[in-house]
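Please have the sequence and the structure in view while reading.

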Amino acid sequence: MKFFLDTADVSEIRAMADIGLVDGVTTNPTLVARSGRKFVEVVREICDLVRGPVSAEVTATDFDTMMREAEVLRRISPNVAVKVPLTADGLKACRAITGDGGMVNVTLVFSAAQAILAAKAGATFVSPFVGRLDDLSHDGMALIDDIATIFANYPAIQTEILAASIRSPLHVVDAARMGAHVATMPAKVMEQMISHPLTRSGLETFLSDWAKTGQSILEG
Ligand code: E4P
């Protein structure tokens, strides 16, 4: 499973990329607004840090302007994946951009029917939003399962399932169990995945027992 970081905060990306955990990045207009920085500059910096796909979202809602925005975004770096919303114009733009050799992440997907359309439009990634469905008492993870089952019926589908709106390590584990290709998550969720109280206490015990030996590995 690939891990994408869901943020427009370059320092968060740098820290996680340094550990080797970041296969790509997803941003959205809200995350960019939160960063308080210029969109194109942020995307350029992220692309310099991460070799994998970096999703940058168009903000136009009509096909022609989406395509003009996509051109600007694709010019930043070849690893930009243009993010388009699941609308009729978004699907049309998806088809046009992937037909031209670009990567597209179709976002704001909340049903299996929408995911089928994204695949039909040749999307590189389809982003079902797990957490936002859970927030409305719908089972977000059931959607991932459904899409994975449907896509498995059609081996020709190349579209990768990108589990988005991930809120906890359990979401990541469930998405992996269901066969999602990618999970995009905030840095906080990656940190939560790393830490476990038994790892912490176990390490403390090992270190205090080791100190009693008076040895140092570096001294041979
Ligand atoms: C994905 O690409 C989106 O940016 C993101 O996962 C949305 O998450 P949220 O529902 O926590 O805002």
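Glu160 counts as buried because its relative accessibility is 19%, where buried means under 20% relative accessible area, exposed over 50%, and partly exposed in between (1.4 Å probe, protein chains only). The residue belongs to strand S7. Helices (H or I, at least four residues) and strands (E, at least two) are DSSP runs, numbered from the N terminus. The model is predicted: local features need pLDDT of at least 70, side-chain atom pairs count only at pLDDT 80 or more, and totals for chains, interfaces and linings use all residues. Residues are numbered from 1 along each chain as its sequence is written, and side-chain values use heavy atoms, with hydrogens and water left out.

The side chains of Glu160 and Lys2 make a polar contact of 2.7 Å. A polar contact is a pair of N or O atoms within 3.5 Å; within protein, one must be able to donate a hydrogen and the other to accept it, and residues adjacent in sequence count only if both atoms are side-chain atoms. When neighbours within four places in sequence are left aside, Glu160 touches Lys2, Thr124, Phe125, Val126, His181 and Val182, contact being heavy atoms within 4.5 Å.

## The barrel

Phe125 is also the bridge partner of Glu160. Strand S6 (residues 125-128) and strand S7 (residues 160-163) pair in the parallel sense over two bridges; two strands pair if DSSP finds at least two bridges between them. Strands of a sheet pair through backbone hydrogen bonds, either parallel or antiparallel.

These two strands are part of a barrel that eight strands close in the order S1-S2-S3-S4-S5-S6-S7-S8, with parallel pairing. From one strand to the next, the twist averages 30°. Helix H4 (residues 63-76) packs on the sheet and touches strand S3 (54-57) and strand S4 (80-85). The direction of H4 makes about 155° with that of S4; axes are lines fitted to C-alpha atoms, for helices over the stretch in contact, and angles run from 0 to 180 degrees between N-to-C directions.

S3 and S4 run parallel and are joined by four bridges. Across this pair, Val54 stands opposite Val80 in S4. Six of the six residues of S4 are buried, so the strand is largely enclosed by the rest of the structure. In a regular strand the side chains alternate between the two faces of the sheet. Both faces of S4 are covered, with Val80, Val82 and Val84 buried on one side and Ala81, Lys83 and Pro85 buried on the other.

Which residue does UniProt list for "active site"? The unreviewed entry gives Lys83; UniProt positions are in the numbering used here, feature names are shortened, and annotations may be inferred rather than shown by experiment. Lys83 is buried because its relative accessible area is 4%. Beyond its neighbours within four places in sequence, its contacts are Thr26, Thr27, Asn28, Ser55, Ala56, Glu57, Val58, Asn105 and Thr107.

## The ligand

Lys83 is also one of the residues around the ligand, together with Asp6, Thr26, Asn28, Phe129, Arg132, Ala164, Ser165 and Arg167; such a residue has a heavy atom within 4 Å of the molecule.

Met141 lies in helix H8 (residues 140-152). With a relative accessible area of 7%, Met141 is buried. Leaving aside neighbours within four places in sequence, Met141 is in contact with Val130, Asp134, His171, Asp174, Ala175 and Met178. Met141 and His181 are 40 residues apart along the chain, and their C-alpha atoms are separated by 14 Å.

## The whole chain

The protein chain has 11 helices and eight strands. Its C-alpha atoms fill a box of roughly 70 × 35 × 30 Å along the principal axes. Of its 220 residues, 44% are buried. Among contacts with a separation of 6 or more, 56% join residues 24 or more positions apart.
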